[in-house]
Amino acid sequence: MKIASILCMLALATSLYSQEIPKKNYVTKNLNEINLSIDGKFDEPAWQTANWEDHFIQHEPVEGAPPHQQTEFAVLYDENNVYVAIKCLDTSPDSISMRMTRRDVTDGDLVGIMFDTYNDKRTAFAFIVSAAGVKTDMVEVNDGETEDNTWDPIWFVKTSLQDYGWNAEMRIPLTQLRFDEGVDQIWGLQVLRFIFRKEELSSWQAMERDKSGFVSQFGTMNGIKDIKPKNNLDIMPYVVARTDRYEKDKSNPFLESGKKNNVDVGFDAKIGLTNYLTMDLTVNPDFGQVEADPSEVNLSTYETFFEEKRPFFIEGKNILTYKLNFGDGDLAYDGLFYSRRIGKKPAYYPELTDGEYADVPDATRILGAAKITGKTKTGWSIGVLESVTAKEKAEIKGIGEGRTQTVEPLTNYFVGRLQKDFNEGNTYLGGMVTAVNRSINDQRLEYLHKEAYSGGLDFVHKWDNKKWELDISSYFSHVASTKEAITLTQKNYNRGFQRPDNDYKDLDTNRTSLSGQGGKVLLGEFDGNQKFMFAVSWKSPGLELNDVGYLQSPDDIMEVFWTGYRFYKPFLIFREANLNLNQWVSWDWGGNMKYAGGNINGYTQFKNYWSMFGSFNISSTQRSNSLLRGGPALKTPGYINFNLGFNSNQQKKLTLNLSTGYNSSFEKDFSKNSRLYVGIGYRPIKTLSINLSPGFNDSKTNLQYVTQSTYGNETRYIFAHIDRKTLSMSVRINYNITPDLSIQYWGQPFVATGKYSDFKHITDSKAGNLEDRYHLYGSDQISFNSDTYYIDENRDNSNDYSFGKPDFNVKEFLSNLVLRWEYKPGSTLFLVWTQNRSGYVNDGSFNFSDDFSGIFDEKPYNIFLVKLSYRLGR
């Protein structure tokens with residue numbers, strides 16, 4: 001089990017006792033200039049005289065019970081380091097799970113220590129290690145509501161097997177911690193142990209699972225005297241050599257050689273500005289070792305959200321987070337800052353004439369970026385990010401002399417976040433601002449926003465021992481540019497100012513700016529076994545955040561109610577269980593209900609460590625303002641949805657995960673969707689894991705948008721029935737030779753097909769009967785020739801309009817092989833091989849064997865990369 005999952009469960013923390021649990025206090029000692037060797041053995045005299053503590057208590061599964069195995073620990077310090085020794089006693093040492101993994105994905109038996117160095121009861125630094133010696137480190141913020149496992153400090157640890165169990169010995173430099181200068185330090189303290197074979201979590205300071213808050217339940221540590229904060233300084237220059245290899249194409253001047261070589265340099269730096277503020281710098285960064293995004297075919301009007309994987313942007317990302325909504329799923333993606341905007345694919349593709357070819361950058365080059373993050377003793381959390389991306393040009397060759405076209409302007413991005421804690425961390429007030437400024441000197445790019453600003457305030461208050469929570473936020477956006485750019489913004493499919501039935505917002509083609517606003521109010525009770533939340537959010541039609549944020553759908557008012565019940569104590573055949581009930585309604589800004597629905601879902605883990613989950617959704621008739629891409633709102637039938645899945649015992653060498661789902665509309669044959677996903681894991685030895693995750697999705701929809709055409713003075717919104725099939729599989733192999741040396745392979749074959757039929761155009765988009773909303777073209781109105789459909793709507797033997805055949809068969813193979821060696825702390829060597837294959841044909845037929853094997857008939861594009869970084873620091 002990943003430590004992140006363990007801490008997520010802990011973050012729900014609360015009480016099965018009628019009386020408050022007494023707080024423990026640990027007293028540490030100074031080493032007095034005695035050097036310790038970090039070897040996991042504890043044979044130095046300093047450890048013999050240290051203050052050893054035990055009396056751990058079980059937290060999961062049976063809160064308050066004695067653990068199956070006891071744990072002892074001691075802490076020492078000197079002017080530069082904190083030292084930690086942990087003895088994990090075990091009467092069956094041969095049963096200790098020592099699974100070798102990569103950093104931050106620890107598995108097997110674990111132990112960890114957490115310091116709340118400001119004793120603010122909201123923030124903690126966690127240092128965790130597996131019995132195999134693999135490190136995980138993270139920052140717990142907002143009293144455990146959020147954990148940031150992207151934090152990678154420099155620290156040292158060794159583990160060793162003993163006849164009484166196993167040991168973990170740590171040295172944590174004070175440069176990696178943030179604390180106030182003072183004669184006597186008082187830190188919050190917690191020590192945790194996880195026994196993999198029992199899935200048992202025990203702690204030094206007892207905690208209550210049904211009590212809101214995590215860090216606030218820590219014990220304390222004193223005895224640290226006369227230490228001073230130390231500002232770290234790490235500079236990591238890098239050099240990267242890359243060669244691209246692909247099939248030669250004599251007709252394309254950019255592919256005729258079949259290869260491309262490049263050498264680049266840059267550096268990253270981490271600088272301690274004060275004892276609580278850290279600056280991260282990157283100049284000309286390279287992210288060649290990062291996995292590609294998974295394949296997809298998106299036929300909706302919504303942009304796909306992709307996870308951030310670049311190290312500079314993921315470390316410390318939580319302090320720059322401002323979420324617009326509540327809960328999880330798609331709603332959780334909307335926010336004022338979406339770091340994938342920085343360094344994205346260029347916005348423009350050059351105009352080419354016959355015989356011309358273009359070499360367009362895959363991504364916009366980041367010239368440099370700086371990030372300042374930290375938290376003060378007085379409760380101020382600070383986050384600032386500044387980044388500049390290059391003016392990118394496409395090189396064009398062909399007939400005549402070569403030329404260039406600008407495809408992305410020079411752009412500056414700024415993000416600032418400030419938050420203040422009050423009332424012992426029970427209340428906080430915060431704000432965030434963002435700014436994007438583009439230097440546009442090319443008329444072709446004047447459809448982009450020249451300026452884009454957003455900002456927001458948020459307020460959270462908890463009371464009654466954190467049982468109740470009130471969360472209020474309000475935000476705004478403002479974009480400015482040419483009339484063309486602002487008109488395009490107003491006419492965005494998900495905004496739809498031009499919709500003929502939009503009677504609450506007018507399209508103004510003379511505008512040169514657009515503003516919008518939104519917010520949310522949430523009230524919840526998150527204590528005890530029974531929990532609930534009621535929330536309302538709103539986003540005005542003019543809200544636009546997608547220059548540096550992420551916004552799926554403006555023009556929305558939403559109400560949500562959620563209640564859940566948690567079974568923390570094992571009962572009958574169940575180890576734990578939870579049950580949730582949700583209800584929601586959404587309206588547009590004109591008061592028209594877009595959809596309403598409800599959901600019931602549950603999860604349980606059995607006493608044999610298998611688990612099961614399931615859900616049932618129901619939705620009313622829906623009104624979509626975007627399906628007609630600028631046309632009137634379209635009424636579509638409601639639906640029901642079932643999902644069911646299970647996970648086998650993850651302690652075994654061979655594991656199985658399965659999930660399946662079915663979706664069907666209330667109108668017969670309007671839409672159906674069935675899906676099946678399987679996960680197979682195998683760990684033949686402790687250093688090797690193999691995971692296969694095949695999936696298949698079969699979807700049929702009677703109203704899939706195709707295109708628009710003009711017939712006389714009317715617009716024809718053309719739709720069709722679509723039969724979609726998607727087959728994919730993720731293959732992941734991890735060979736972790738040591739905690740610092742690993743080989744990782746990831747590959748994804750992907751096939752997606754779409755076959756269109758029963759073409760029609762919308763006539764009365766909101767008619768009561770489904771069949772009255774469209775006209776199905778008769779055989780005497782539609783004909784097909786040379787990949788084009790011709791429509792003779794008035795049956796006068798003369799074509800009135802036409803459109804291309806929309807069928808598709810997309811094949812793609814993405815793979816990434818990475819050898820990673822951290823040859824000294826903070827210094828890393830990467831050897832990378834990336835191979836991509838892709839193909840497309842205008843054919844919607846699906847044949848499992850032909851399509852899957854046909855992926856590897858596509859021409860490969862290979863990238864070989866070597867990246868070496870070296871840490872210079874203290």
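Guide: Two strands pair if DSSP finds at least two bridges between them. Keep that in mind here. This model is predicted.

Visitor: Over how many bridges do β4 and β5 pair, and in which sense?

Guide: Strand β4 covers residues 71-77, and strand β5 covers residues 81-89. They pair over 7 bridges in the antiparallel sense.

Visitor: Which residue in β5 stands opposite Thr-71?

Guide: Cys-88 in β5 stands opposite Thr-71.

Visitor: What is the order of the strands in the open sheet?

Guide: Read across the sheet, strand by strand. The order is β2-β4-β5-β11-β10, 5 strands with mixed pairing. The edge strands are β2 (29-30) and β10 (156-162), and each pairs on one side only.

Visitor: Now a single residue. Where does Lys-87 lie?

Guide: Lys-87 lies in strand β5.

Visitor: Why is Lys-87 called partly exposed?

Guide: Buried means under 20% relative accessible area, and exposed means over 50%. Lys-87 has 23%, so it is partly exposed.

Visitor: Which residues is Lys-87 in contact with, leaving aside neighbours within four places in sequence?

Guide: They include Phe-42, Trp-52, Thr-71, Tyr-164 and Trp-166. Now try a distance. Val-706 is 619 residues from Lys-87 along the chain, and their C-alpha atoms are separated by 65 Å.

Visitor: On to a hairpin. How many bridges join β42 to β43?

Guide: 4 bridges join β42 (residues 782-785) to β43 (residues 788-791), and the strands run antiparallel. Ile-782 has Ile-791 in β43 as its bridge partner.

Visitor: What sits between those strands?

Guide: The hairpin has 2 residues between β42 and β43. Look at Ser-786 in this hairpin: its phi is positive, near 55°.

Terms used
Residues numbered from 1 in each chain as written. Predicted model: local features only at pLDDT ≥ 70, side-chain atom pairs only at ≥ 80, totals over all residues. Heavy atoms only, no water. Buried < 20%, exposed > 50% of the residue type's maximum accessible area, 1.4 Å probe, protein only. Contact = heavy atoms within 4.5 Å.
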